[in-house]
Every structure is written in structure tokens, then in C-alpha cells.
Amino acid sequence: MLTIKPSSGPHTGSAIGVGSIMRQVIYALLPATAFGLYLFGWPAVNLLLVTLFASLAFEALCLKLAGKPAIPALKDGSALLTGWLLAMTLPPWAPWWIGVLGAGIAIVLGKQVYGGLGQNLFNPAMLARVVLLISFPLEMTTWADVTPWLTESAPGFYEGLTITFTGLSNPDAVTGATLLGHVKTEWLQKHPLSESLSDFGTLNMWLGMARGSLGETSALLLFAGGMWLLLKKIITWPIPISMLASVAVISGLFHFFDPERYLSPVMHLGSGALMCAAFFIATDYVTSPNTPLGQIIFGSLCGLLIYMIRTWGGYPEGAGFAILLMNSLTPLIDHYIRPRIQGRDRRGRPLEEKMIKGER
Amino acid sequence: MIALLQSLRIRGGIHVNEHKQATAGLPIDDSFPLPKRLYIPLQQHVGKPAEPVVRVGDTVFKGQLLAHSQGLISAPVHAPSSGTVADIAEYPAPHPSALPIRTVFLDTDGTDTVQSGESATDPFTLEPEEISLRVASAGVVGLGGATFPSAVKLNLGRQNKIHTLLINGGECEPYLTCDDRLMQENAAEIVDGIRIMLHGMETGRAMVGIEDNKPEALKAMRTAANFHPNIEICKIPTRYPMGWDRQLIRYLTGREVPAGGRATDVGVLMHNVATAYAIHQAIRYGRPLIDRVVTVAGGAVANPKNVRVPIGTLISEVLVFCGADKTRTGRWVMGGPMMGEALPFADVPVVKATSGVLALTGSEVKQGEEQPCIRCARCISVCPAGLLPVDMANRIRNNRLEAAVDIGLKDCISCGSCSYVCPSNIPLVHYFKFAAGELAARQQAKHKSEQTSKLIDERNKRMERIEKQKAEELAQARAAKEQSEKADTTI
């Protein structure tokens, strides 16, 4: 029985593993995903499956090319999670090749070329999303109408296959703009918010009964998933809280001074993309800073960038760009923000503590 | 509010799975049968090994001096029982390497005869220096695991005029309950030991830190310290590694010991509760340190408990006494599972540092394939020293040891919190220990090559000088010869 080679302590450990972490993140995504699939029906199911399968296939291919065993790496669930997160951020009725191409970009260019798990600079899912958005603006901004499962307007199984694999025949009839997109185009036509927002219900927006990405419509379900991850200690509070707080504070200030031009914090936080980014994308271990202070800086700057891009940028949604930009700053933040070593000052010199005279 | 402020003083740390319930409620077992042969290593402490004063064949009494201490930092070793010295030879040490060290083999005669009647003295009539001397001659060392000679620390405390003596009753390692039991059963003796130490260090105040997972020990110690207002019993949170002296000093006093400095720099010193008990025994009754309480636990042990065993007992015998199943044992550990040492085999002796003997099953031992680091930063958030374990390990892996030192490798205390929480099973502590050893080896090699080149230089100079001298002598001789020849010719 004594086959284990004696080694340094500790001789015991926590049960947590890479696989269990990835699994729990996927569990936390389940409610929002299920709701997205319910809203957008068979085409969304097809797109999710295609993206997941493609992610696993690209991962296996890369590992094989690198001469590494594929099965253990596939088992850790990281490729599945990347594919899942990517699918969540895609337009639900996007064609199959968007999913496959996205998975390829995420896994090959976003992860494996850097050396695989833990080595990448950018969040793979966000990298893929942004590349797709820039390369295929039409497909990436065609937002399907909400057609809940079992309602008359919902596409059937075969119709779903047609939408995913051959494309929409008359996109204009069944698609429209997202809230943020709508507000942006309306503002360009000099329509104030009180006009452009007259049709939108805030509650529906928070619940997610609105056009949007496959798994990003329901801010509430994403928030619930995020809270579960916090409770399970898979993620820590600094990034999500600082990110949401910075968006809330900045948008609150602008909204206070010009409510006709700037959306309220309630609208900003209610956009599922921000919730998803705050709890699931920005908290990616590999591409975010290591220390709580670094994470707060990272999160608040992410929030600031998201707000700036949404409000003044060319795109209605800025989460992807903001996170990629901040990913590139992560090594810099980690270089300058380090914990203070016990018994030393911030610069690493030993403390000059002396016994205080009166103490004795 | 104060508790909240104090909890801010704790850095990092982890909540470990304690595994203490199996042994914490059972009394210390005093019925361990005297082994036929004891193996008493001459080095059971930090510093120089002890030098034997007995010879093979000598008959010794229980408590008789076997080997005296050498130098300033050392400790003597005494006979744990009466019997005959069978041999003084090399025997494997309780260490992962199991390298042999000088050991006294003692065949016990079963009578446990004590040399002379135990001498009872009132310690408070003794001079403080005398306390240190007696503690030194009783061979008392830090029993928390560090085994630093206690008398040296008492002197340090007195010379540096410390204001508070801190007593570590944290026992934060999982499985171990020997200090817990000692506090529950011998609280009065421990408090007496603390008072003797205070007298020996000429210090007024003592604080005892006990983790809040030991309510019985807290109660017993509070009762025992009731009439001694200068001894404060403090409840501390259960959080590994609370027993690290710097962590406990910071929690109890709010002071941080400077890197590279000593606890005395901030006016405190720390001893373990078991050391206080040993000092009580040494001063009150003149009993040297010849036995200790050992926690025997682990999944492969049928009857886990605390046992009082003579120093020098083979760990394998203690395990058999507690019903350990060899076939189910995946790893033997001496000490706790966090910082203890894995033993390649169990036929090594119990020493003064042996707080625990664990026979862990395969499923208790953390194993599993090492996976890539996912930079989850758990290691950083749990590091009590404020280090970046992930970055240090990366630098070591790339053979950039100096770069690892730059970000604090030397401030690592090997507490193992980082490895404990790592989801990728990266043996971080192993990297750090390797790097520390490798750096020391390089330093030594460098020193050696410098010495060698210095010797070569000196030899070259010497040879040159000799050549020169020879040449001069030759020239002189020639000159003398020429002169004498000249003289000859002139004649």
C-alpha cells in the first residue's frame, strides 16, 4: 500500500479542483441559459450545442497537435465553459458557422496559442465575440424577437434547423434592436430618452423578456447565478461589486444632470450583458488581477470603459471591448499591486519596529 | 468591536478540516508499556548535537544524563528509563530522508529506577539565572515543534527586558490534540510553569492564546489562572496557521515583528504550553524532559488517542499500541499534516519534537495529478506572510531562484496554506523548499570555490616566493664561490 513517495507537506488538502470550479460556474449559468433557450427556442438550442461541440473539438485538436493527452484536459471543463460563455453572448438565431468560428477563435487563438489553460492574456470568449462582432457586424447584431417556447410564434424543430443552418429568409420580420441599440439609434436621430423609452418596460428588461444575446437577457437570473458563485466562494466580491458600483455611480451622475440624454443606473445594471460580464467574464481567474486591490481597480475601470463605450462609443454594448482592454492591463496591475509582506513595508524593506519604552 | 479590529490583524489563513474530535475528548493514555529498547538520538533540538557522557555497557538510571550539551545553542539528552547502554551508533532519524544520526541505544530493565529522590524546590527563591541553568540542564526545548533550546530563549527574554510572555496554546494543526489535552488535564501545572518562566525572565505579564475550538482547555486554563491576574487567557479564532508566532504576536499585541528580526524586537517572546509544562516539571521536581504526550491519529489508526511515551520509543510501536493498520496506511507523518514530515518508514524514534504520529490512509493524503495553474489567486489570499506563491513557483520552475527571492521566498514559513487550497494540486511548498535548499547548496558551492581559488593563489605566491628565495640563494652561493675562487686566484 505504501507506494506514495514521501513529499513535502501539507499531507492533506481541500477537495476543490479545477474541474469542480468549472462545473460550478456552468451550474451558475444554467438558469440564465435555460431562460434564453426558452425565449428563443430551437435555433438557440442548436447554436448552443454547435458552439459547445466545436469548442471541445478545437480543444482536442489543439492538444493533439501539441502532443498532449486530450482527455484529461477536456475533462477539466475549461473548454466547455469557454464555449458556453461564448454562446451566451451570441445573438440567439445566429447561423451555425458563427458558433463554430467563434469557438475556433476562442479556443485556438484565445487560449491554445498562448500555451493552453492558464496562459492566455485575454478572456477567450470575449476575444471571440469581439472578433466576430467586428468581422460579421450583420450576423452579430441581428437580434431575434422574443418567441417563447410553446407560443404560436416560436419556430418548430425543423424551422429551427433551417434558421441555424441555412439562415433567416426574412430577417426584418422576426428581428429588431436591443434596448441599448435602440436608444443609441434614436439618440442619433435627436430623440430624447422619454420618447425612445416609451415602449420599454424596466421590469421586463430586468426579467429578460427582451431581445438580446442568447443567455444575456435576464439580468436577474445572471445576478442570482453570480450570487451563488459568491456564496460558493468560486469568485470573490471585489471585481463584480466594483464593476457594478462604478457603472451605477457614473451613470447615476450623468443621469442626474441630464435624464433626457443619459440612461439611468437601473437601465444600465438591468442590461444582462453587464451582469454577465461582472460575474462571469471579468472574474475569469486567468485574465484578472490577483490581489483584492488590483481586482477593485480592474473592476472599476472595466465599469468606466463599459459606460464610456455604451454612451459615447460606436457600439451600443461595450462589455467585450472593455474587458479585453482591461485584460491587457492585468499584468501591469499585478506588477504594481502586491500584498505587503509580513514584517516588511510596502517596498519590501524590513519594518523598523522597536520596543516602545512605555510598554514595559 | 475590539474583536473585529483584532480579526483584521489576521492575515490570510485557512479553515482546515480539523479531524480533532476523535482524540480531543479522550484522556491522555499513561499505560503505554515500556519498550524493551529505546533509541535516543543525540540531536533532538536546534543547534549542536549533544556529546555522550556514558559508555557502552554502562548502567543508567531513569533521568540520568546521557549526553551533555555542546556550545551556546544545544541541549542535553537524558535516559528516559533505567537500563543498560547497548550501543552508541548511527540510527535513522525521524526525518523524510531517514538519514542516520548518532543515537544512544538503551536496553531497559523494566524497573524504571530513578537515580535519587526527586528534589522539590521553591522556584521563586531561585535567582532568575538559576532558572535558565536548570531548564538548560533538564534538556527542555520548544515542544511546539521548533525544538529551540528553551533556556536560550529565557535568557534572551531576560536580556532584552521583554514586557509580555506569550504562550502558544493555538495548536492549529489538524488532528493534533496533545496540547489541548495537556491544558485540560494539567492546567495548574502549565500555569505554574508560566509563572516560573515569568520569574526566570523577570517579566511581569503573560498572555495565553487558545483557539476557540478548544472550549474545555479554555475553561480549565481560565480556572487555573484565576488567582494570577498577570496571566491572561485569550480566546483566539480558529484559523490555520494561528500558531505561527508572528501571526499570534500580531493578533494578541498588535505588533508586527520586522522581517529578519526576533520577537524580542517588539518586546515579547513565545513559548508553547507543553514547554511550560516541561519547565514546571524540571524546576519543581528536577525531572528532565524524557517523555512527552504524542497524538496518535489518522484514518488507519483504530484507536486514535493521546499517549505519553518515553523519548526514544519507536514510532512503529506507538502505532501498534493504538491499533494502526499498516496495510491501510498511505503515509506516515510525524507532526501535523500541514507542516509535519512524511516518514519513509515507521521504525524511527519518538523525539522531543514529536507532537503527533499520523498514519494517514491513501484517501486522506492529498494527491492527484498536477494540473496547470489557473491563476485563481487562492494561494495569494491565504498566504499569512503576504507572499505571491504562484509567482514564486513560476520563477522557481524557470530556474530563476534569485528572482523568487526578490519577491519574498525567504519570508515563506512553509505553512502549506497555499498547497492546501490549490485546486490544481501544485506542490507549491515543495517548490519553495527545493529552491531554499538549492540556494543554500549554491551558496556553499560558491563559498567552496572561492576558498579553493584563495588556496591556489596562496600556493602560487608561496611557490613564487620559494623560487625567488632559491634563486637568490643560488646567486649568493655563486657569488660566494666566485669570490672564493677570486681569492684563490689572487693567492
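Reader: What separates the centres of domain 1 and domain 2 of chain A?

Author: 21 Å, taken over C-alpha atoms. Keep in mind that this is a predicted model.

Reader: Noted. Where does chain A get divided?

Author: Domain 1 of chain A covers 17-176, and domain 2 covers 177-337.

Reader: And how many residues are in contact between the two?

Author: On the domain 1 side of chain A there are 38 residues, in contact with 34 residues of domain 2.

Reader: Which elements of domain 1 supply that side?

Author: α1 (18-65), α3 (78-88), α5 (124-135) and β1 (143-144) of chain A each give at least two residues to the side touching domain 2. The largest share comes from α1(A), with 15 residues.

Reader: What's it like by class, on that side of domain 1 of chain A?

Author: There are 28 nonpolar residues, eight polar and two charged on the side of domain 1 of chain A that touches domain 2.

Reader: OK, switching to helices. How do α13 and α15 of chain A pack?

Author: Helix α13 (residues 238-257) and helix α15 (residues 272-281) of chain A pack at an angle of about 150 degrees, and their axes are 8 Å apart. Angles over 145 degrees count as roughly antiparallel, so α13(A) is roughly antiparallel to α15(A).

Reader: Left-handed or right-handed crossing?

Author: Right-handed, as α13(A) passes α15(A).

Reader: Which residues make the contact?

Author: From α13(A), they are A:P240, A:M243, A:L244 and A:V247. From α15(A), you have A:L274, A:A278 and A:F279. The residues of this contact of α13(A) with α15(A) divide into seven nonpolar, no polar and no charged.

Reader: Now over to chain B. At what angle do α6 and α7 of chain B cross?

Author: Roughly 55 degrees, for helix α6 (residues 187-201) and helix α7 (residues 215-224) of chain B, whose axes come within 8 Å. That angle makes α6(B) oblique to α7(B).

Reader: And the handedness of that crossing, left or right?

Author: α6(B) passes α7(B) in a right-handed crossing.

Reader: Which residues meet there?

Author: B:A187, B:A188 and B:V191 in α6(B) meet B:A220, B:M221, B:T223 and B:A224 in α7(B).

How values were computed
Residues are numbered from 1 along each chain as its sequence is written. Chains are lettered from A and ligands numbered from 1 in the order in which they are written. This is a predicted model: local features need pLDDT of at least 70, side-chain atom pairs count only at pLDDT 80 or more; totals for chains, interfaces and linings use all residues. Domain bounds come from an automatic or database domain assignment. Two residues are in contact if their C-beta atoms, placed from the backbone, lie within 7 Å. Helices (H or I, at least four residues) and strands (E, at least two) are DSSP runs, numbered from the N terminus. Ala, Val, Leu, Ile, Met, Phe, Trp, Tyr, Cys and Pro count as nonpolar, Asp, Glu, Lys and Arg as charged, and the others, Gly among them, as polar. Axes are lines fitted to C-alpha atoms, for helices over the stretch in contact, and angles run from 0 to 180 degrees between N-to-C directions. Angles under 35 degrees count as roughly parallel, over 145 as roughly antiparallel, 65 to 115 as roughly perpendicular and the rest as oblique. A crossing is left-handed if the near helix is turned anticlockwise from the far one by less than a right angle, and right-handed if clockwise.
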